[in-house]
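Look through the sequence and the model below before reading on. The notes that follow are grouped by topic.

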Amino acid sequence: MPEPRTDLADLRGDCAQCFGLCCVSLPFARSADFALDKPAGKPCPNLQGDHRCGIHVDLREKGFTGCTVYDCFGAGQKVSRVTFGGQDWRTASKEHARRMFDVFPVVRQLHELLWYLTEALGLPAARPVHPELREALEETERLTRQSPGELAALDVAAHRQQVNVLLLRTSELARAGAAEGQGDKGAAKGRGKGRQKGNGKDRRGADLIGARLRGADLRGASLRGAYLIAADLTGADLRDADMIGADLRDADLTDADLTGAFFLTQPQLNAARGSAGTRLPGSVSRPAHWTAGR
């Protein structure tokens, strides 16, 4: 068994080492994110014979914004090079290809969990649960290295539920420090739909679609699974906030401060809008489509 992952760089998609699995395995429907319908298991018409995208530099202009948002957390290269030993679905049997396409979404979910667990182990405040987190990391990594048949039969939802218990505890510990000394000023400025508890920092699963949260104090808030679609978070203070599962599609993060925000992924940021003034944690990078003053 390899050593547990400690580097988030290992959990980023490397298209050069993948057989274009996301462009074949996953379905998408004609919408604002995709210019056409594509069923699961059918190659995207833009996928070339060398597994590269024929319109990669023009995806947004040609109506494929959804592709620029997606990231496999390194699952593509794992399935291509490890699970199936480098055998290309184009030259393999139909059964081999079908199994590869079925397994890819499973490994992608496991790799997303690896991202959260690896990040959790890097949070000093989570030291009380580091032993349990490391154990969960080792088990999740072991699951990613199972055979195609075992992966296809895996109950990923059950494993996610077990890991989520630890991630919730991690969130509580990490945000506790941020809450100290904040007093009652933690109530977010601006108005938005959704529940608030105590000092207003518990917004788990809150409906904040289109909410006016410009300059809001959300430091140390739990935004787990919150719907922040098209929310105005210009200049908001999101330091040390739990961002796991928050829907940031078209949310405006211009000049917002996400320093220390955790469980924030690149796909979430890619789906949002921001600026050169948006402050980000070191675990993610500024999306290429963000422009100054946008």
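A residue is called buried when its relative accessible area is under 20%, exposed when over 50%, and partly exposed in between (1.4 Å probe, protein chains only). By that rule, buried residues make up 50% of the 294 residues in the chain. The model is predicted: local features need pLDDT of at least 70 and side-chain atom pairs count only at pLDDT 80 or more, while totals for chains, interfaces and linings use all residues. Residues are numbered from 1 along each chain as its sequence is written, and side-chain values use heavy atoms, with hydrogens and water left out.

**Overall layout**

- The chain has eight helices and zero strands, where helices (H or I, at least four residues) and strands (E, at least two) are DSSP runs numbered from the N terminus.
- Along the sequence, the pattern reads α-α-α-α-α-α-α-α.
- Contact means heavy atoms within 4.5 Å.
- Of the contacts in the chain with a separation of 6 or more, 44% are between residues 24 or more positions apart.

**Helix H4**

- Helix H4 covers residues 94–121, which is 28 residues.
- From its first C-alpha to its last, H4 reaches 41 Å, close to the 40 Å expected at 1.5 Å a residue; the expected span is 1.5 Å times one less than the number of residues.
- H4 has a kink of about 25 degrees at phenylalanine 104, shortly before proline 105; the bend at a residue is the angle between axes fitted to the seven residues ending there and the seven starting there.
- H4 is mostly covered, with 21 of its 28 residues buried.
- Glutamate 119 is in H4 and counts as buried, at 10% relative accessibility.
- Setting aside residues up to four places away in sequence, glutamate 119 touches Leu8, Ala261, Phe262, Phe263, Leu264 and Ser283.
- Glutamate 119 and leucine 8 are 111 residues apart along the chain, yet their C-alpha atoms are separated by 7.5 Å.

**Nonpolar cores**

- A nonpolar core is a set of buried Ala, Val, Leu, Ile, Met, Phe, Trp, Tyr and Cys residues joined through side-chain atoms within 4.5 Å.
- The largest nonpolar core has 29 residues, of which Leu223, Leu228, Leu233, Leu238, Met243, Leu253 and Leu258 touch the most other members.
- Apart from this core lies another, of 24 residues, among them Leu113, Ala136, Leu167 and Ala174.
- Methionine 243 touches Leu223, Leu248, Ala261, Phe262, Phe263, Leu264 and Gln268, not counting residues up to four places away in sequence.

**Cysteines**

- The structure holds zero disulfides, a disulfide being a pair of cysteine sulfur atoms within 2.5 Å.
- Cysteine 18 is in no disulfide, and the nearest cysteine sulfur, that of cysteine 72, is 6.2 Å away.
- Cysteine 18 is buried at 12% relative accessibility.
- Cysteine 44 is also in no disulfide, with the nearest cysteine sulfur, that of cysteine 23, 6.1 Å away.
- Cysteine 44 has a relative accessible area of 8%, so it is buried.
- Cysteine 72 lies in the loop between helix H2 (65–69) and helix H3 (75–83), and is buried with a relative accessible area of 11%.
- Beyond its neighbours within four places in sequence, cysteine 72 is in contact with Gly13, Gln77, Phe104, Arg108 and His111.

**Threonine 254**

- Threonine 254 sits in the loop between helix H7 (156–179) and helix H8 (266–270).
- Its relative accessible area is 10%, so threonine 254 is buried.
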